[in-house]
Amino acid sequence: MTDHIVSHTVFVWFMTLFTGLVAGTWFVYDALKLWWLRKEDGRIPMIHDKRFGYSIGIFVGAIGVLGVLKYHL
Amino acid sequence: MGAPAASAEGSAPARVVGKLNPANAVTASRFLLLPPFLWAVDSGYHQWATLFVLICGLLDKVDGLVAKIFNCRSVFGELFDAITDGICYGFCLIILAAYGWVPVIPVIAMITLGLANSGLRMIYAKRAGRATNYKSYAMERLVAYTAYLIGFGTGQFEVDFYFWLYPPLMIVVVLHDAKRMLIDAVPGANA
């Protein structure tokens with residue numbers, strides 16, 4: 001048994017694409033959800049929670065994409 | 001018939017389901033991945049460890065899907081899923097830190113904050129007077145981030161960058177959720 005299921009290059013590109021695609025999609029998806037809530041009343045607790053959660057999601061998505069770029073640049 | 005399952009803020013249906021159901025079986029099956037994960041890390045097999053983490057993360061998504069297909073969503077299922085997340089991800093993080101694959105301080109911060117969050121949820125359930133789970137949209141995203149962190153740790157992919165950015169984000173979310181669970185009114189709380 002060895003560590004190599006695939007070559008190191010394939011592994012790195014798998015990590016890159018998987019992370020980049022998921023994080024990028026996540027960023028856009030939560031940004032859209034936040035945008036759709038813009039006219040809702042923020043004093044309603046659930047709306048407030050959603051806005052906060054989607055903002056965190058946007059931040060997490062951005063971190064994911066930045067990490068991938070940092071690895072390759 | 002017992003009281004129907006009910007949860008805070010409309011996150012679960014008002015339907016009684018047994019604890020032994022397909023969705024909970026999928027959730028429980030995630031524990032089976034912990035021994036192989038430990039073996040992979042102990043052997044220094046980064047790719048195998050990443051594969052086991054990936055399967056664990058995938059099963060976390062599949063259990064929700066199975067619950068929808070078999071119509072067996074329940075408050076217990078939600079709590080069991082959250083507990084399983086905590087145990088599986090906590091175990092993986094501790095193992096990775098113990099073997100020096102990831103920095104220790106962010107892992108300690110994550111686990112401490114995770115435990116604090118679990119304590120807050122217990123207090124929230126006590127305030128509500130029933131088994132309930134506070135639905136935190138922000139914490140859901142951080143839990144997904146945690147799964148990713150383990151993958152970054154096993155794959156040695158920008159480990160420091162991803163790990164050191166996590167604790168500040170979690171502090172903000174735990175503080176926000178603490179206010180919601182400890183101070184704000186609980187929907188439908190028993191008098």
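This is a predicted model: local features need pLDDT of at least 70, side-chain atom pairs count only at pLDDT 80 or more; totals for chains, interfaces and linings use all residues.
Helix α5 covers residues 104–128 of chain B, helix α7 covers residues 159–183 of chain B, and the two pack at an angle of about 15° with their axes 10 Å apart. An angle under 35 degrees counts as roughly parallel, and α5(B) and α7(B) are therefore roughly parallel to each other. If you want to find the contact on screen, look on the α5(B) side for residues including P106(B), M110(B), L113(B), N117(B) and Y124(B). On the α7(B) side, the residues that take part include F163(B), W164(B), P167(B), I171(B), D177(B) and L182(B).

Chain B has another pair worth a look. Helix α1, residues 22–29 of chain B, packs with α4(B) at an angle of about 10°, and their axes are 10 Å apart. That makes α1(B) roughly parallel to α4(B). Here A23(B), N24(B) and T27(B) come from α1(B), and they meet G77(B), F80(B), D81(B) and T84(B) of α4(B).

Now move on to helix α2 of chain B, residues 34–43. Its buried residues are F37(B), A40(B) and V41(B). Viewed down the axis of α2(B), the buried residues fall within an arc of 95°, so they line one face of the helix. Just after α2(B) comes G44(B), which takes a positive phi of about 80°.

C92(B) lies in helix α4 of chain B, and it counts as buried, with 28 C-beta neighbours inside 10 Å. The cut-off for buried is 20 or more. Leaving aside residues up to four places away in sequence, C92(B) touches F37(B), V53(B) and I150(B).

Chain A is next. It has two helices and zero strands. Its radius of gyration is 17 Å, well over the 11 Å that the globule rule gives for 73 residues, so chain A is more spread out than a compact globule. The C-alpha trace of chain A spans about 55 × 30 × 15 Å along its principal axes. Of its 73 residues, 25% count as buried. How much of the contacts with a separation of 6 or more in chain A comes from residues 24 or more positions apart? The share is 72%.

To finish, pick out S55(A), which lies in helix α2 (residues 45–72) of chain A. Is S55(A) buried or partly exposed? It is partly exposed, with 17 other C-beta atoms within 10 Å. K33(A) is 22 residues away from S55(A) along the chain, and the C-alpha atoms of the two are separated by 9.6 Å.

How values were computed:
Residues are numbered from 1 along each chain as its sequence is written. Chains are lettered from A and ligands numbered from 1 in the order in which they are written. Helices (H or I, at least four residues) and strands (E, at least two) are DSSP runs, numbered from the N terminus. The radius of gyration is taken over C-alpha atoms; the globule rule is 2.2 Å times the number of residues to the power 0.38. A residue is buried if 20 or more other C-beta atoms lie within 10 Å of its own, exposed if 12 or fewer, and partly exposed in between; C-beta atoms are placed from the backbone. Two residues are in contact if their C-beta atoms, placed from the backbone, lie within 7 Å. The arc is that of the directions from the helix axis to the C-beta atoms. Axes are lines fitted to C-alpha atoms, for helices over the stretch in contact, and angles run from 0 to 180 degrees between N-to-C directions. Angles under 35 degrees count as roughly parallel, over 145 as roughly antiparallel, 65 to 115 as roughly perpendicular and the rest as oblique.
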